[in-house]
Amino acid sequence: MINHVPTEGQPIKKYKQFFPIETKMKKINVFFLLLIMLVCGVSGIKATTVYYDNANSWSNVYCYYYADGVTGNPSWPGTAMTQTTVNGKTWYKLDIPDNFKAGKFIVNDGNGNQYPGANQPGVDLNGKDNVWLTGTTVSYTDGSASDGGNTDGGNSDGGSTSGSTGVTVVEGEISCFLETSQSDNVYAYVWKSGSTVTEYAGAWPGSAMTLVGKADNGNNIYKWTYTGTSTDIPSNVIFTHGGVKFVDKDIDFTNHGYYVDGVYSTTIEPETTTPVYVYFYNSSNWDNVYCYLYKGTTGYEEWPGVKMTLDNSITYDGKTGWYTVEVPAGYKSASYVVNNGKSGVSMEGKTICQMGSTSYFEDGTTTNINTVTPTTVTAEGTWYTIAGTRVNRPVKSGVYVHNGKKVVITK
């Protein structure tokens with residue numbers, strides 16, 4: 001209560017502090033408004049947190065998000081995700097503002113690798129509090145992040161997609177999947193072009209697809225399976241619902257392919273309980289042996305790959321003691337490279353001729369790939385074999401080094 005009133009002749013400025021209560025309240029309200037804006041962010045209160053397990057072991061992880069009709073999304077590759085731990089598991093996370101809650105997101109390494117793939121729509125945010133992306137398997141939770149983080153499944157190349165148990169294939173099967181919100185009249189017209197067209201699913205519009213499960217986002221998942229006797233893989237497919245094409249063009253058919261509204265997404269690996277191994281006999285006596293597994297541009301682990309272990313109980317082709325590694329699920333049809341884990345030879349901007357463990361540079365120097373110790377093999381007027389042995393002159397056909405140049409001799 002104000003009970004101090006200035007008497008005549010007293011300066012009012014001494015009492016000004018007692019009068020502007022309304023002004024003070026306005027300042028307090030503004031202060032709390034600014035504090036709320038600072039905590040919540042001027043772009044909107046946080047609506048969704050994206051968690052990604054970095055199944056591909058990328059060195060950098062970014063999240064690009066967008067929504068129809070909404071501006072303010074980050075430029076590609078998006079915003080760097082931060083590493084965190086939820087329920088004992090390592091994740092990369094990013095908080096996305098509420099005005100994008102109905103949008104989509106794409107995770108990537110900023111260097112050409114991404115999920116979903118190029119020219120494919122992102123993963124739905126669905127307006128949930130938390131989105132968990134484990135490899136290619138998506139799940140959603142509301143509330144505290146501690147309520148989630150236990151999702152398991154998926155790998156960098158597909159495996160079980162969208163958490164549906166119906167998304168399975170067997171060896172030798174010709175089939176494909178379609179994920180869509182459509183609930184009926186979903187057909188697949190499948191054929192192979194040639195001198196005559198071979199129809200695998202009957203005449204247009206083909207065969208009705210079978211509902212095999214639901215994706216975590218609520219979409220239906222349909223499957224088409226070939227029932228004929230041909231072992232050839234079809235070349236094209238068209239998906240329709242009620243006679244309307246999902247995509248207004250011929251689609252390339254990928255065996256065991258998983259399509260989202262007619263757009264290819266990934267390939268489902270055939271299920272098998274039989275373990276697959278890579279065995280390697282270390283005839284070069286490498287100190288360490290690694291196996292690098294990859295599918296296309298995606299590796300199971302970063303180079304040099306998985307360290308192999310010596311098993312002296314294995315005998316094959318008269319040799320005992322083989323290095324071995326069991327191939328993980330999802331990579332049983334992948335490619336591999338066995339290596340010693342050491343760095344390769346720098347090309348130094350020069351042409352290289354590789355022979356065995358030795359590389360020969362265009363200027364005539366030689367490098368052993370294991371020791372990386374260059375040795376000069378050229379001298380004016382002298383000849384060397386490609387293996388680096390000095391000779392007076394070539395006596396038989398082969399490749400020689402003379403005055404720093406490779407020379408092919410035929411006799």
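Reply: Helices (H or I, at least four residues) and strands (E, at least two) are DSSP runs, numbered from the N terminus. The model is predicted, so local features need pLDDT of at least 70 and side-chain atom pairs pLDDT 80 or more, while totals for chains, interfaces and linings use all residues. Residues are numbered from 1 along each chain as its sequence is written, and side-chain values use heavy atoms, leaving out hydrogens and water.

Start with the overall picture. The protein comes to 1 helix and 36 strands. It has 411 residues, and 38% of them count as buried (under 20% relative accessible area; exposed is over 50%, partly exposed in between, with a 1.4 Å probe and protein chains only). Now take contacts (heavy atoms within 4.5 Å) between residues at least 6 apart in sequence. Of these, 53% join residues at least 24 apart.

Find S175 in strand β11, residues 175-180. Is S175 buried or exposed? S175 has a relative accessible area of 0%, so it is buried. Set aside residues up to four places away in sequence, and S175 still has several partners. Among them are V169, K223, W224 and T225. F253, T254, N255, H256 and G257 also touch S175.

H256 sits in the loop between β19 (251-252) and β20. Its relative accessible area is 8%, so H256 is buried. Its backbone deserves a look. Most residues other than glycine have a negative phi, and most peptide bonds are trans. H256 is not a glycine, yet it has a positive phi of about 65°.

Phi of N54 is near 50°, a positive value, and N54 is not a glycine. N54 lies in the loop between β1 (46-52) and β2. At 10% relative accessibility, N54 counts as buried.

Next come the cis peptide bonds. One joins W76 and P77, with omega about 15°. P77 lies in the loop between β2 (62-66) and β3 (79-80). Another cis bond runs from W303 to P304, with omega near 15°. Look for P304 in the loop between β24 (298-299) and β25 (306-307).

Back to neighbours, this time around V338. V338 belongs to strand β28, residues 335-339. Its relative accessibility is 19%, so V338 counts as buried. V338 and Y292 are 46 residues apart in sequence. In space, their C-alpha atoms are 6.3 Å apart. Beyond residues up to four places away in sequence, V338 touches V278, F280, W286, V289, Y290 and M308.

V276 is in the loop between β21 and β22 (277-280). At 28% relative accessibility, V276 counts as partly exposed. V276 and K332 are 56 residues apart in sequence. Their C-alpha atoms are 6.4 Å apart. K332 is also one of the contacts of V276, leaving aside neighbours within four places in sequence. V325, E326 and V327 complete that list.

Last, the cysteines. C63 has 0% relative accessibility, so it counts as buried. C291 is also at 0%, so C291 counts as buried. How many disulfides are there? The count comes to 0 disulfides, where a disulfide is a pair of cysteine sulfur atoms within 2.5 Å.
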